[in-house]
Amino acid sequence: LPLPTLSPFLLSFSSSQNRLYKRPFNEAFEETPMLVAVLTYVGYGILTLFGYLRDFLRYWKIEKCHNATEREEQRDFVPLYQDFENFYTRNLYMRIRDSWNRPICSVPGGKVDLLERVSHDYNWTFTYTGKVIKDIINMGSYNYLGFAENAGPSKIPVTKVLSQYGCGMCSTRQEMGNVDKHEELETLLARYLGVESALAYGMGFATNSMNIPALVGKGCLILSDELNHASLVLGARLSGATIRIFKHNNMQSLEKLLKDAIVYGQPRTHRPWKKILIIVEGIYSMEGSIVRLPEVIALKKKYKSYLYLDEAHSIGALGPNGRGVVEYFGLDPEDVDIMMGTFTKSFGAAGGYIGGKKELIDYLRVHSHSAVYATSLSPPVVQQIITTMKCIMGEDGTTLGKQRIQQLAENTRYFRRRLKELGFIIYGNEDSPVVPLMLYMPAKIGAFGREMLKRHIGVVVVGFPATPIIESRARICLSAIHTKEILDIALKKIDEVGDLLMLKYSRHRQVPLLDRPFDETTYEETED
């Protein structure tokens, strides 16, 4: 719009918003083409009709029924199985179940080996042939920095710790399960995050689901992004706090909820909320988007609330030194009250952590169920985390960590740009290593996974209810150990399958510039 037509409010909002960012923040969520949306709904409609027809045939024993059903003598009791809730599982998921749960028999590195399996009853059961499909290009693991490996800097230290401590401690941290390696990890972790103290847990999912109830409860308010992970949703529900949802990465929606919370207080009594906790993620694993953290922190300070940041996918994968979304935006770690993350992605290990003020961590050591009752981290796993973290920080005397962080950033920009040039609709931020490639139609979910596997490319396909009903997608995760040659092979095969399944929906294609370095991003929009 011409500048004279913009209101002074919009101009001031835009300029104040830009001042919060020290680097460009570019995210794209191209609108679903109308024809594609209509055909997707038609596809689900046909699926529903045939599903009801097949359920009718199963009821009258015309078609064999594979799913669990109640016996006739149980019909008068409360039903154990909700037929309608399982309708989708029976009639869509089972038809394409071969796209998931594929058994891997190798390290989840740049390439993996798969056990071959076949089904003779439309995916209700599988039979293993005993053959191994080798050298499948792995485009689905969260191995962002490539530290999930059976060689490299971690092998000797982990082997040494295994021989000294064994596999597991068989006790909680507060009893007989606390070893010097746990203390070393938490000291190093606090320094890595730039916080006063940190606490490590044995499971990333439980880090969220068991700690949120320890932080807030009845009389508190949780403001949660609508696309937050299931562990955050479960933790919020278990807490007993009031939950209100704001639109994904929409700061106007968040600010409206904050204003209402301050003005109206608690329902009925209108007393002030005991605490207001904003919960967001660093990188959203289904959207490939990055949280607008500078704006979230500005709102948190303005309305005197608390901030819980889940960096499961962003720690190690973002920032010039791999310190996550806080470093990516050049912010102060002290502005984030609860810094949560996991060791399951960039560190190639297991478990999770929470970092923050010493008073917060001391409180969680006593009140967090996951800290008090759960078995402590396995010592070899702890050593894996320590070794990789020191490698990322450069404290191992090498530049390997720095090189992998830079390689991941280059791979991300290159791969995203090439997919756009090929005509695919992809979601998310240009710096996000999570790349959702939109499939939309239900029939193309299984077809894409199968066709890619035929070409020795392993991808993860996702559909409803994990995504909105018309936004089925393939989620590609990039890694620092993907060479340019591997990425080019994957792109070539994706291009072939895209033509075969007619997946190139984008109406705004990027124009390739042949003389451009492969880690830079410049483009023009053109219309078909």
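For counting charges here, Lys and Arg are positive and Asp and Glu negative, with His and the chain ends left out; each charge is placed at NZ of Lys, CZ of Arg, CG of Asp or CD of Glu. On that basis the chain carries 63 positive and 59 negative side chains, and the centres of the two sets sit 2 Å apart.

A quick word on the source: this is a predicted model, where local features need pLDDT of at least 70, side-chain atom pairs count only at pLDDT 80 or more, and totals for chains, interfaces and linings use all residues. Residues are numbered from 1 along each chain as its sequence is written, and side-chain values use heavy atoms, without hydrogens and water.

Now the overall build. You'll find 16 helices and 15 strands in the chain; these are DSSP runs numbered from the N terminus (helices: H or I, at least four residues; strands: E, at least two).

Here are some whole-chain values:

| Property | Value |
|---|---|
| Box filled by the C-alpha atoms, along the principal axes | roughly 70 × 65 × 60 Å |

Of the 528 residues, 51% are buried, meaning under 20% relative accessible area (1.4 Å probe, protein chains only).

Let's zoom in on one strand, β8, at residues 306–310. Is β8 mostly covered or uncovered? Covered: four of its five residues are buried. Strand β7 (residues 276–281) runs parallel to β8, and five bridges join them; strands pair if DSSP finds at least two bridges between them. Ile 278 has Leu 307 in β8 as its bridge partner.

Note on methods: Buried < 20%, exposed > 50% of the residue type's maximum accessible area, 1.4 Å probe, protein only.
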